[in-house]
Amino acid sequence: MKYVLKKFITLLITLFVISILTFTAFSVIPGDAALSKLGIDASPEAIAELQQQYGLDKPILERYVDWAIHALQGDFGQSFNYTRMTVSELLSTRLPVTVILAAMSLLIIVLVSVPLGMLSAKFSGRWPDVLINQTTQVTMAIPSFFLGIILTVIFGIGLKWFQVGGYVSPDKDLLGCISYLIFPAIAVAIPKIAMVVKFVRNSVLSEINKDYVRTAYSKGNDENQVLYGHVLRNAMIPVITFVAMVVAEILTGSLVIEQVFNIPGMGRLLITSISNRDFPVVQASVLYITAVVVVINFIVDIIYQIADPRIRTS
Amino acid sequence: MKKLNYSLIIGMVITGSLLLFALIGQFWTPYSITETSVALKNAAPSMEHIMGCDNLGRDILSRVMNGCGTTFLVAVLTVAIGCVFGVIFGALTGFYGGWLDKIIMRLNDILLSFPSVLLVLIFISVIGKGKYNIILALGILFIPSFVRMVRGEVIRYKEQEFVKSARVLGAGNLRIIFVHILPNLTVSMLTTAAIGFNNAVLAEASMSYLGLGVQPPEPSLGRMLSEAQSCVFNAPWYAIWPGVVIVLIILGFSLISEGLRKMTES
Amino acid sequence: MKHFSKIVIATVMIISLLALSACGGGSNGGSGEVKDTFVFGLSQELTDLDPHQETDAATRSILFNIFEGLVKPTPEGDVTPAVAEDYEVSKDATVYTFNLRDGITFHDGNPVTAEDVKYSLERSREINGEASPLNAISDISIPDEDTIVITLDKGNSEFIYNLTCAILEKANDADQQTAPAGTGPFSIVELREGEYLDLAKYDGYWNAEELGDYVSNVRVKFIASAQDAYVELQGHSIDALQYLTADQIDGLGDDYNIVEATMMLVHGMFINNQYEPLKDVRVRQALNYAVNRDEINQQLFGGKSPEIQTHGYPTITAWYNADTEGTYTYDPDKAMELLKEAGYENGFDLVITVPKNFTQHVDTAVLIKEQLAKVGINASVNEVEWNTWLSDVYQGRDYQATVIGFDISSLSPATWYVRYYSTSSNDMTNFSNAEYDAAYDQAVASIDHEEKFQLYGKLQQILAEEGASVFIEDPADFVAVSADFTGYTPYPVSAVDFSLIKPAQ
């Protein structure tokens with residue numbers, strides 16, 4: 001319980017530091033929301049008025065405190081750019097899309113790479129290992145957006161397996177949304193699959209060579225029993241850490257792939273909002289993404305402790 | 001009778017030839033890397049222009065040669081920054097623990113959870129665009145993964161018998177870290193570095209794809225890919241060559257690390 | 001061993017299931033039903049629904065279908081009565097009298113009143129402050145409920161072009177930004193920010209009979225970039241897309257018709273006339289000789305753009321001074337000669353700042369850099385974000401050269417040429433020329449069409465001779481429209497008229 005509380009405080013501190021970093025960065029970079037909203041022929045008065053409306057004319061400290069007080073009450077304000085929506089409404093339409101995409105990629109990655117990695121370790125040095133190894137070497141080297149372009153051309157335009165840009169939002173048609181997101185999810189997953197396979201294989205192998213495994217074998221235990229009973233459990237500890245790191249990368253990877261497949265998720269929202277200087281949206285999206293990653297790390301820590309008691313004692 | 005280390009040999013050959021290719025590209029290219037031509041716009045591969053020409057009629061081979069150098073530079077320096085700082089912070093925090101560990105791990109978590117696109121974008125907006133700014137931004141992004149890996153391993157090793165006996169024999173803390181513990185991490189380091197190179201090349205390509213990389217008309221493989229996307233139907237070769245070279249660079253790096261790992265194992 | 005094979009087989013099965021369901025999802029989308037929804041791709045997002053907020057060209061071109069002014073633009077570049085049935089202009093061009101159209105209604109069914117007109121003009125003026133052209137109005141009176149009389153403080157025969165200002169409903173004042181109602185051929189169904197805007201045919205539209213059976217639903221789909229939009233066009237997710245390049249139309253099949261027009265954009269390399277080397281008119285002229293307009297045109301627009309030497313729109317013959325066209329030819333030797341005369345025989349450094357979200361501007365900058373290198377000018381390209389461009393280049397005028405295009409936001413030429421008036425807040429190029437300023441004042445004051453034409457012609461002449469910037473072309477605009485629809489008609493102003501679109505027979 002104490003541990004959870006401690007982690008929660010850490011989360012708050014992390015979010016606080018990040019909100020300050022984002023805020024400061026936004027005050028340093030040129031341009032503001034009023035400019036991008038009003039465009040090229042705006043009069044200075046109109047710009048000044050809009051800046052006042054957005055509160056951009058106030059001193060920086062006051063603006064931050066204003067924002068923080070509201071944010072603490074769960075009110076992230078109004079988007080500068082999407083004038084008809086509050087930030088919370090905007091995020092609640094965009095976040096699920098990215099989460100679904102990331103979850104699908106993660107599912108594909110885990111389903112494919114753990115069995116392949118173990119297979120590869122089991123047949124270490126023989127043909128299945130060599131084949132898997134060589135395939136992953138190559139797939140690891142393909143950038144996901146390049147893969148996205150290729151998938152679009154082959155399956156979207158060539159074979160017409162999916163309609164390019166035929167995205168539907170999850171609240172209108174969840175199944176349709178999921179089936180549209182499959183190709184983007186594959187594009188995100190393939191390069192990561194290769195990395196995780198490699199990691200699983202190495203982790204299992206280094207575990208197999210340890211003394212306790214040799215001891216287990218020498219005691220006459222069955223190979224599969226050793227593999228599942230001891231090796232897998234211990235080998236999975238670094239794998240879990242690695243997969244958690246991959247989750248952060250999947251989120252970032254989704255940001256880029258959303259651009260390629262024109263999916264209105266967090267990534268596109270973030271990139272458009274940065275270029276529109278839509279500060280309330282950027283601040284809230286950054287905090288959301290950060291919170292998700294921190295919570296994942298926290299869960300990993302707990303799994304880590306359950307799996308490996310040594311951490312707890314140290 | 002020792003088996004030949006194919007991974008290492010093939011990796012060395014690929015990386016070596018690409019390095020040579022890129023190095024030549026810095027001093028000599030078959031055609032100018034910036035000269036445009038209306039007549040050669042989207043020209044298909046031919047004897048004169050073996051990779052064809054891009055949407056402004058520039059020779060793709062020349063641009064790939066030169067852009068390849070940029071990619072190598074970014075990847076190597078980025079991983080170097082991540083590796084050096086990662087090992088220092090990771091080893092110290094893992095070994096000593098305490099408040100230093102807490103602060104650095106907190107910073108680490110913050111960096112890990114900060115969306116990299118945003119970090120790079122803000123970095124670039126504040127300090128300006130350019131090759132070296134991208135390296136700096138990506139380098140910082142790469143530190144946490146090394147810190148995490150090194151710290152975890154150091155914690156694993158520091159309670160083990162050989163460390164305890166080294167301490168009994170009077171070895172100092174720094175000696176224990178650098179002489180007794182770190183050499184054990186070579187394999188994990190190489191794996192992480194291989195993934196690091198891989199990620200660095202991918203990150204440079206993604207950033208350039210989003211328009212955050214080098215300034216035009218300087219070629220970069222990622223930027224060429226994003227430019228190629230709009231003419232993938234008229235000039236598919238434009239997308240293929242930079243893509244293939246990116247794949248080869250990463251392949252070369254990972255084969256080498258694979259080979260090195262095999263070497264240390266045997 | 002067995003376990004492993006099972007896991008592998010299960011994995012393979014799951015993946016093939018996923019792939020199969022993907023195919024299922026795709027085939028649903030590609031069916032051949034009768035199309036009553038026209039999907040228009042917009043490679044940006046709508047900035048506002050409120051037509052009185054000063055917005056960008058793309059937003060204006062969509063709002064054109066929802067809102068109308070007393071008069072509205074025509075495809076010929078003139079204006080025609082809309083909310084007004086007809087109008088009269090006094091001889092000295094100070095009094096404009098409008099008769100309201102009989103039975104015209106807003107999308108919510110309420111009739112348009114003279115009060116609504118007055119309210120709308122005042123609202124627009126208030127929102128746009130000092131820059132509003134409606135400030136020229138000294139009085140708006142309503143002699144009877146169907147008549148509006150607008151009086152100007154001085155005669156201005158171009159003023160009618162400003163009365164395209166959208167008419168909104170006074171009773172709806174609180175909701176103009178979120179749920180505005182107009183009088184146009186389409187009403188708003190749903191705006192999903194960042195995704196699409198859905199429009200439906202307005203059955204009570206005053207001109208519905210004459211327009212006939214136009215398309216009943218329109219979806220304006222927002223797409224992150226022009227490249228993505230092109231890919232969606234290929235995939236038939238959208239029915240029409242503007243601003244295609246010559247390369248892109250080559251890659252399209254027979255199921256698209258191409259409409260050729262111009263973008264109504266003065267595209268060029270605009271220069272800071274206060275940057276030291278560029279203060280010298282010879283250097284500015286040298287730039288004009290050194291830039292190869294034809295190469296840029298060939299590279300980016302397949303040679304189909306009308307090339308220009310001044311700030312003017314060749315397709316609007318009513319105001320264009322075609323005599324400026326021979327001012328410069330591509331002549332690097334002449335450029336080097338001029339540079340030598342000006343004392344820059346060794347060239348100088350020139351940073352071309354360009355907004356990175358516009359591929360055409362970036363490509364143009366890259367081409368110009370190469371061309372300038374041939375006369376010894378050391379140019380470099382500096383890509384910046386659009387917002388940075390707005391604040392540093394446009395507002396701050398802190399730049400040396402930039403590649404951009406000025407769209408035709410109003411049909412009134414006074415709004416085009418004020419950009420070079422030395423005290424104007426729009427004088428981005430810092431151009432300052434007494435003769436120009438005097439001629440501009442005269443042109444705006446003049447109410448005689450012929451005299452006005454001569455004076456605006458003179459302004460264009462000065463801009464060309466002084467080399468105020470390097471004007472390149474009015475870029476060719478290729479619009480791809482699905483063969484399922486007909487009737488796409490280009491406008492000289494920012495407008496995409498969905499009420500002319502009909503499903504193909």
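**Figure 1. An open sheet of 7 strands in chain C of this predicted model.** The strand order is E8-E9-E10-E1-E11-E18-E12, and the pairing is mixed. Strand E8 (186-192) and strand E12 (256-262) of chain C form the edges, each pairing on one side only. From one strand to the next, the twist averages 20 degrees. Strands of a sheet pair through backbone hydrogen bonds, either parallel or antiparallel.

**Figure 2. Strands E9 and E10 of chain C, side by side.** Strand E9 covers residues 196-201 of chain C, and strand E10 covers residues 217-222. The two pair in the antiparallel sense over 5 bridges. Within this pair, Ala200(C) stands opposite Asn217(C) of E10(C).

**Figure 3. The largest nonpolar core.** This core holds 314 residues. Val196(A), Ile352(C) and Leu459(C) touch the most other members. Helix H8 (residues 174-208) of chain A gives the largest share, 20 residues. Leaving aside neighbours within four places in sequence, Ile352(C) has contacts that include Met269(C), Ala365(C), Ile368(C), Val381(C) and Val403(C). Lys369(C), Asn382(C) and Thr402(C) are also among the residues in contact with Ile352(C).

**Figure 4. Helix H2 of chain B.** The helix runs over residues 60-96, 37 residues in total. From first C-alpha to last it reaches 53 Å, close to the 54 Å expected at 1.5 Å a residue. Of its 37 residues, 28 are buried, so H2(B) is largely enclosed by the rest of the structure. Just after the helix comes Gly97(B), with a positive phi of about 65 degrees.

**Figure 5. Asp59(B), in the loop between helices H1 and H2 of chain B.** Helix H1 covers residues 6-27. Asp59(B) has 24 C-beta neighbours inside 10 Å, so it counts as buried. Not counting residues up to four places away in sequence, Asp59(B) touches Pro30(B), Tyr31(B), His49(B) and Cys53(B). Gly25(B) is 34 residues from Asp59(B) in sequence and 13 Å away in space, C-alpha to C-alpha.

**Figure 6. Confidence along chain A.** The mean pLDDT of chain A is 79. In this chain, 93% of residues reach 70 or more. Confidence is highest in helix H5 (residues 87-122) of chain A, at a mean of 87. Helix H13 (residues 309-313) of chain A has the lowest, at a mean of 49.

Conventions: Residues are numbered from 1 along each chain as its sequence is written. Chains are lettered from A and ligands numbered from 1 in the order in which they are written. This is a predicted model: local features need pLDDT of at least 70, side-chain atom pairs count only at pLDDT 80 or more; totals for chains, interfaces and linings use all residues. pLDDT is the predictor's confidence in each residue, from 0 to 100. Helices (H or I, at least four residues) and strands (E, at least two) are DSSP runs, numbered from the N terminus. The expected span of a helix is 1.5 Å times one less than its number of residues. A residue is buried if 20 or more other C-beta atoms lie within 10 Å of its own, exposed if 12 or fewer, and partly exposed in between; C-beta atoms are placed from the backbone. Two residues are in contact if their C-beta atoms, placed from the backbone, lie within 7 Å. Two strands pair if DSSP finds at least two bridges between them. Axes are lines fitted to C-alpha atoms, for helices over the stretch in contact, and angles run from 0 to 180 degrees between N-to-C directions. A nonpolar core is a set of buried Ala, Val, Leu, Ile, Met, Phe, Trp, Tyr and Cys residues joined through C-beta atoms within 7 Å.
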